[in-house]
Amino acid sequence: MEYHLQYMPPEELDRVYPKMEQDFPPDELKKKPHLRALMESGMSVGWYLMADGKAAGYAFILRHPAVPYVLLDYLAKKERGHGVGSACLALLKNEYPQGIMAEVEAVDPDLDAETVEMRRRRIGFYQRAGFTPCPFPNRIFTVHYLVHLWHPAAPERPAPGVAAALDTLYALQFPDEEYRNNVFIDVPEEN
């Protein structure tokens with residue numbers, strides 16, 4: 001199958017957003033007006049993953065010139081287990097060679113077995129794709145993440161730089177009060 005990325009203009013968000021509401025829990029999905037404003041400003045870039053001329057998935061990248069890495073904000077595909085997600089990540093790596101951060105819900109001990117298994121599968125997906133876990137304490141809105149980094153020449157201790165980059169992206173995209181009340185990222189000390 002032949003895959004490629006196709007840019008998603010902000011005006012197409014209305015068409016994609018209902019699918020996003022199905023693909024992501026409400027506490028992990030930005031409100032449509034906020035996401036549209038980010039797209040119109042250029043801070044968020046939407047991509048369709050095309051397979052043989054048809055949409056097979058989508059991704060949103062959060063970026064800013066002050067941040068060394070981009071954030072894979074959303075990634076969803078129509079089908080699991082057919083290599084679609086891996087193909088999308090490979091294309092995104094070519095598009096963003098400076099490095100890609102990915103937030104994956106952390107496996108917390110008080111979760112039910114089904115949720116634990118789903119989160120472990122997601123973590124495994126990113127690690128098989130060459131992403132390195134960068135553990136640092138965080139809670140973004142109500143979710144605790146295990147943040148991962150893909151970089152062509154991965155730094156030896158990526159967690160401090162990744163935590164600082166992620167914190168900066170959140171500070172830049174939300175009003176100050178909303179950021180201070182909902183984003184808690186503990187940036188580790190550099191050694």
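1. A salt bridge is taken here as a side-chain nitrogen of Lys or Arg within 4 Å of a carboxyl oxygen of Asp or Glu. By that criterion Arg-15 pairs with Glu-12, with 3.8 Å between the closest N and O atoms, and the structure holds 7 salt bridges.

2. On the basis of the note: this is a predicted model, in which local features need pLDDT of at least 70 and side-chain atom pairs count only at pLDDT 80 or more, while totals for chains, interfaces and linings use all residues. Residues are numbered from 1 along each chain as its sequence is written, and side-chain values use heavy atoms, with hydrogens and water left out.

3. On confidence: pLDDT, the predictor's confidence in each residue on a scale from 0 to 100, has a mean of 92 for the protein, and 97% of the residues reach 70 or more. Helices (H or I, at least four residues) and strands (E, at least two) are DSSP runs numbered from the N terminus.

4. On the setting of the first pair: accessibility is given as relative accessible area, where buried means under 20%, exposed over 50% and partly exposed in between (1.4 Å probe, protein chains only). Arg-15 counts as exposed because its relative accessibility is 59%, whereas Glu-12, at 24%, counts as partly exposed.

5. Arg-36 and Asp-14 also form a salt bridge, with the closest N and O atoms 2.6 Å apart. Arg-36 belongs to helix 2 (residues 32-41) and Asp-14 to helix 1 (residues 13-23), so this pair ties together parts that are 22 residues apart in sequence. Asp-14 is partly exposed, with a relative accessible area of 41%.

6. A further salt bridge joins Asp-73 to Lys-30, again with a closest N to O distance of 2.6 Å. The two residues come from distant parts of the chain, 43 residues apart, with Asp-73 in strand 4 (residues 70-77) and Lys-30 in the loop between helix 1 and helix 2. Asp-73 is buried at 11% relative accessible area, and Lys-30 likewise counts as buried at 9%. Elsewhere, salt bridges that share partners join Asp-14, Lys-32 and Arg-36 into one network.

7. On aromatic contacts: rings of Phe, Tyr and Trp (its six-membered ring) pair if their centres lie within 6.5 Å, and planes under 30 degrees apart count as stacked, over 60 as edge-to-face and the rest as tilted. The whole structure contains 8 aromatic pairs. One of them is the edge-to-face pair of Tyr-7 and Trp-47, at 6.2 Å centre to centre and 80 degrees between the planes. This pair links strand 1 (residues 3-8), which holds Tyr-7, with strand 2 (residues 44-51), which holds Trp-47, the two residues being 40 apart. Tyr-7 is partly exposed at 44% relative accessibility, whereas Trp-47 is buried at 10%.

8. Phe-24 and Tyr-74 form another edge-to-face pair, with 4.9 Å between the centres and 65 degrees between the planes. Phe-24 lies in the loop between helix 1 and helix 2 and Tyr-74 in strand 4, 50 residues apart. Both are buried, Phe-24 with a relative accessible area of 14% and Tyr-74 with 3%. Ring pairs also link Phe-24, Tyr-58, Phe-60 and Tyr-74 into a cluster.

9. Finally, a charge is said to sit over a ring if NZ of Lys or CZ of Arg is within 6 Å of the ring centre and within 35 degrees of the ring normal. Lys-77 lies in this way over the face of Phe-125, at 5.3 Å from the ring centre.
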